[in-house]
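Follow the charged pairs first, then turn to the strands. Keep the chain in view as you read.

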Amino acid sequence: VYLLAHSTLVLQYFIRRMQLTTVAAFSTSSSPNNINSGTDVVSKKKNKIFCFGDSLTQGTSPPSFQEYPYSKHLEYTLNLIAANNDDQQKEQYDSYMVRYYGKPGWTAKQLASSEGNLSPLLDRIQSSTNEYPSIVIILAGTNDLAYCSSENQCHDIFQSITKIHEICHKKNIDTIALSIPSSAWQSSYKNAAFYSKSINEKIETWAMETKTLATTTEKKCPIAHFVEFPIDAYVRSSGYWATDGLHFSPEGYSFIGKSLAPIVKNVMDLNKKIK
């Protein structure tokens, strides 16, 4: 049932997606902040953030055919925080620009492959803005749980997720690893919840190792920061979940973006101090 629902959603999504036209990577417009939206005009002062992942990054919210990416709420809230800074800090934090790219139905293994296109996307951003994003937020692993039935497979999923981060790290871009969120499926199938917890613990340990390396060596090393997902449990009555219990409602995506904003700002501030 889980796989069938996923397949139906992905097919419907790509039918609509075929009609889109690819344009510039980062934009100063207030229109949808997908990497495929906007113009090439970019302010040099902007702190650029790129969100990469599956349907939870794309903002899929069944039964709606619209998308509600958390990234637009992240951008709005970051700039709201910046506007409240004192005059000395306004120059540094006066403008955040957040863009996203999600592939509904894709596993971490697929996202880490050449077909995931992360490396070309990052190069495209660099080409159009003369610099890479300051940080990439990665959310992956939810779809992999449908195929996970052993601790060895947990390790494989963990490795796939770290490979996505390493694509960024090879370009000297820091990353944020969002934990695999809960879902109605995990509430019903305890093995899925157990495997999700196992993968998240592995990611957290690995992320701490990157931070230790960055602070104990003279060589400039990219850092992965582990961040717990803002919605920590599936509660149907919360209003944060879509009807399938896997994706989020528009209100849920809004909550995610707003909740992540101060965390992302603190991570970016910390990176600047470390480096």
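E151 is partly exposed, at a relative accessible area of 35%. Here buried means under 20% relative accessible area, exposed means over 50%, and partly exposed lies in between, with a 1.4 Å probe and protein chains only. The model is predicted, so local features need pLDDT of at least 70 and side-chain atom pairs count only at pLDDT 80 or more, while totals for chains, interfaces and linings use all residues. Residues are numbered from 1 along each chain as its sequence is written, and side-chain values use heavy atoms, with hydrogens and water left out.

Which residue forms a salt bridge with E151? The partner is K202, and the closest N and O atoms are 3.1 Å apart. A salt bridge here is a side-chain nitrogen of Lys or Arg within 4 Å of a carboxyl oxygen of Asp or Glu. This pair links distant parts of the chain: E151 sits in helix α7 (residues 151-169), K202 in helix α9 (residues 190-216), and 51 residues separate them. Helices are DSSP runs of H or I with at least four residues, strands are runs of E with at least two, and both are numbered from the N terminus. K202 is partly exposed too, with a relative accessible area of 24%.

The structure holds six salt bridges. Another of them joins K197 to E201, with closest N and O atoms 2.5 Å apart. Both residues lie in helix α9, four residues apart, about one turn of the helix. K197 is exposed, at 52% relative accessible area. E201 is partly exposed, at 41%.

Helix α10 (residues 250-274) places K265 and D269 four residues apart, about one helical turn. Their side chains meet in a salt bridge, 2.9 Å from N to O. Are these two residues buried or exposed? K265 is buried, with a relative accessible area of 13%. D269 is buried as well, at 16%. Side chains of opposite charge can pair when their charged atoms come close.

Now the strands. Strand β4 (residues 174-178) pairs with β5 in the parallel sense, over four bridges. Two strands count as paired if DSSP finds at least two bridges between them. In β4, L178 stands opposite V227 of β5.

Which way do the side chains of β5 (residues 224-227) point? A224 and F226 point one way. H225 and V227 point the other way. All four are buried. In a regular strand the side chains alternate between the two faces of the sheet.
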